[in-house]
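Work through the exercises below with the sequence and the model open. Each task is followed by a solution in steps.

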Amino acid sequence: MNWLWAIVVGLVLGLIAKAILPGKQQVPLWLTIILGMIGALLGNWAASALGVEHTKGIDWIRHLLQLAGAVILVAIGNRLWVGARGKKHRTT
């Protein structure tokens with residue numbers, strides 16, 4: 001059940017990250033989910049490093065750090081994806 005929850009969180013964070021970033025993101029859905037999952041892990045790590053991983057009520061700071069991690073990773077992943085796909089198309 002934890003993996004299913006991680007996939008759902010990765011999907012939601014990845015899609016929100018794609019909506020925040022300007023322009024059309026060409027990252028496929030499967031990669032968006034993976035980058036969102038990794039962004040959530042990075043956000044959790046940053047929250048624990050800052051000492052805000054567990055607060056009373058909703059952990060807004062942790063959630064914002066997770067979203068920031070997802071936005072950064074989707075932006076980097078999109079550039080790498082477009083670069084890799086562009087090189088592949090030019091050589092064939």
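## Exercise 1: The surroundings of V27

V27 touches K18, T32, L35, V74, G77, N78 and W81, leaving aside residues up to four places away in sequence; contact here means heavy atoms within 4.5 Å. The model is predicted, so local features need pLDDT of at least 70 and side-chain atom pairs count only at pLDDT 80 or more, while totals for chains, interfaces and linings use all residues. Residues are numbered from 1 along each chain as its sequence is written, and side-chain values use heavy atoms, with hydrogens and water left out.

Solution. 
- Step 1. V27 sits in the loop between α1 and α2. Helices (H or I, at least four residues) and strands (E, at least two) are DSSP runs, numbered from the N terminus.
- Step 2. The classes are buried under 20% relative accessible area, exposed over 50%, and partly exposed in between (1.4 Å probe, protein chains only).
- Step 3. For a distance, take K56: V27 and K56 are 29 residues apart in sequence and 36 Å apart in space, C-alpha to C-alpha.

## Exercise 2: The whole chain

Task: describe the protein chain by its secondary structure, its box and its contacts.

Solution. 
- Step 1. The protein chain has 3 helices and 0 strands, and its pattern along the sequence is α-α-α.
- Step 2. Along the principal axes, the C-alpha atoms of the protein chain fill a box of roughly 55 × 25 × 20 Å.
- Step 3. Of its 92 residues, 34% count as buried.
- Step 4. Take the contacts in the protein chain between residues at least 6 apart in sequence: 64% of them join residues at least 24 apart.

## Exercise 3: Helix α1

Solution. 
- Step 1. The expected span of a helix is 1.5 Å times one less than its number of residues. For the 19 residues of α1 this should be 27 Å, and the end C-alpha atoms are 27 Å apart, which agrees.
- Step 2. G10, L13, G14 and A17 are the buried residues of α1.
- Step 3. Viewed down the axis of α1, these buried residues fall within an arc of 105°, so they line one face of the helix. The arc is that of the directions from the helix axis to the C-beta atoms.
- Step 4. An α-helix has 3.6 residues a turn, so residues three or four places apart point the same way.
- Step 5. W5 and A19 are exposed on the other side of α1.

## Exercise 4: How α1 meets α2

Task: at what angle do the axes of α1 and α2 cross, and which residues make the contact?

Solution. 
- Step 1. Helix α1 covers residues 2–20 and helix α2 residues 29–50; their axes come within 7 Å and cross at roughly 100°. Axes are lines fitted to C-alpha atoms, for helices over the stretch in contact, and angles run from 0 to 180 degrees between N-to-C directions.
- Step 2. The two helices α1 and α2 are therefore roughly perpendicular to each other. Angles of 65 to 115 degrees count as roughly perpendicular.
- Step 3. From α1 the contact takes W3, A6, I7, V9, G10, L11, L13, G14, L15 and K18, and from α2 it takes L29, T32, I33, G36, M37 and A40.
- Step 4. These residues divide into 11 nonpolar, 4 polar and 1 charged. Ala, Val, Leu, Ile, Met, Phe, Trp, Tyr, Cys and Pro count as nonpolar, Asp, Glu, Lys and Arg as charged, and the others, Gly among them, as polar.
- Step 5. A6 counts as partly exposed, at 26% relative accessibility.

## Exercise 5: Helix α2

Solution. 
- Step 1. The 22 residues of α2 should span 32 Å, and the end C-alpha atoms are 31 Å apart, which agrees.
- Step 2. The buried residues in α2 include L31, T32, I33, L35 and G36.
- Step 3. W45 is exposed, with a relative accessible area of 61%, and L50 is exposed at 58%.
- Step 4. Just after α2, G51 takes a positive phi of about 80°.

Technical notes: Angles under 35 degrees count as roughly parallel, over 145 as roughly antiparallel, 65 to 115 as roughly perpendicular and the rest as oblique.
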